[in-house]
Amino acid sequence: QVQLVQSGGGLVQAGESLRLSCAATGDTASIDSIGWYRQAPGKQRELVASIPNDGPTKYGEAVKGRFTVSEDYRKHTTDLQLNALKPEDTAVYYCHVHTIVIKGITFDKPTVVEEDYWGKGTLVTVSS
């Protein structure tokens with residue numbers, strides 16, 4: 001099990017920048033990826049940025065080129081730098097980790113358990 005504690009957010013004007021932070025604790029060895037999602041009112045949750053253990057960093061199309069995600073894999077933390085904010089960036093931003101745990105002993109068939117863990121979310125409001 002992984003616990004996520006995130007901080008940041010607030011009210012900013014269009015064009016300004018903001019930084020969000022998240023720290024993971026618990027079974028951090030099981031973390032397969034770490035990053036951020038967001039959900040605006042009336043819309044589905046969407047990917048903001050994600051850093052897989054094996055693979056390139058992924059960004060949502062709406063934020064690509066403006067937001068930057070970083071990770072300290074030793075501290076199990078991630079930061080999201082939000083630049084050139086637009087009113088449409090207004091949403092609740094959730095820290096996220098995806099975990100993979102393989103269970104099984106000798107001749108038993110290994111079982112792969114994948115889980116998603118979410119921070120409580122922080123509201124980012126961008127005014128025009």
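**Basis.** I worked from a predicted model, in which local features need pLDDT of at least 70 and side-chain atom pairs count only at pLDDT 80 or more, while totals for chains, interfaces and linings use all residues. Residues are numbered from 1 along each chain as its sequence is written, and side-chain values use heavy atoms, with hydrogens and water left out.

**Entry 1: the disulfide.** I searched for disulfides (a pair of cysteine sulfur atoms within 2.5 Å) and found one. C22 and C95 form it, with their sulfur atoms 1.9 Å apart. The pair links distant parts of the chain, 73 residues apart: C22 lies in strand β3 (residues 18–26) and C95 in strand β9 (residues 91–103). I took strands as DSSP runs of E, at least two residues, numbered from the N terminus. I then read the torsion about the S-S bond of C22 and C95 as about -85°, so the disulfide is left-handed.

**Entry 2: burial of the cysteines.** I applied the term buried to residues under 20% relative accessible area (1.4 Å probe, protein chains only). C22 counts as buried at 3% relative accessibility, and C95 counts as buried at 0%.

**Entry 3: G60.** I located G60 in the loop between β6 (58–59) and β7 (67–72). G60 is buried, its relative accessible area being 10%. For contacts (heavy atoms within 4.5 Å), I left aside neighbours within four places in sequence and noted L47 and V48 as partners of G60. I also recorded the C-alpha to C-alpha distance from G60 to Y37, which is 9.0 Å across a sequence separation of 23 residues.

Terms used:
Helices (H or I, at least four residues) and strands (E, at least two) are DSSP runs, numbered from the N terminus. Buried means under 20% relative accessible area, exposed over 50%, partly exposed in between (1.4 Å probe, protein chains only).
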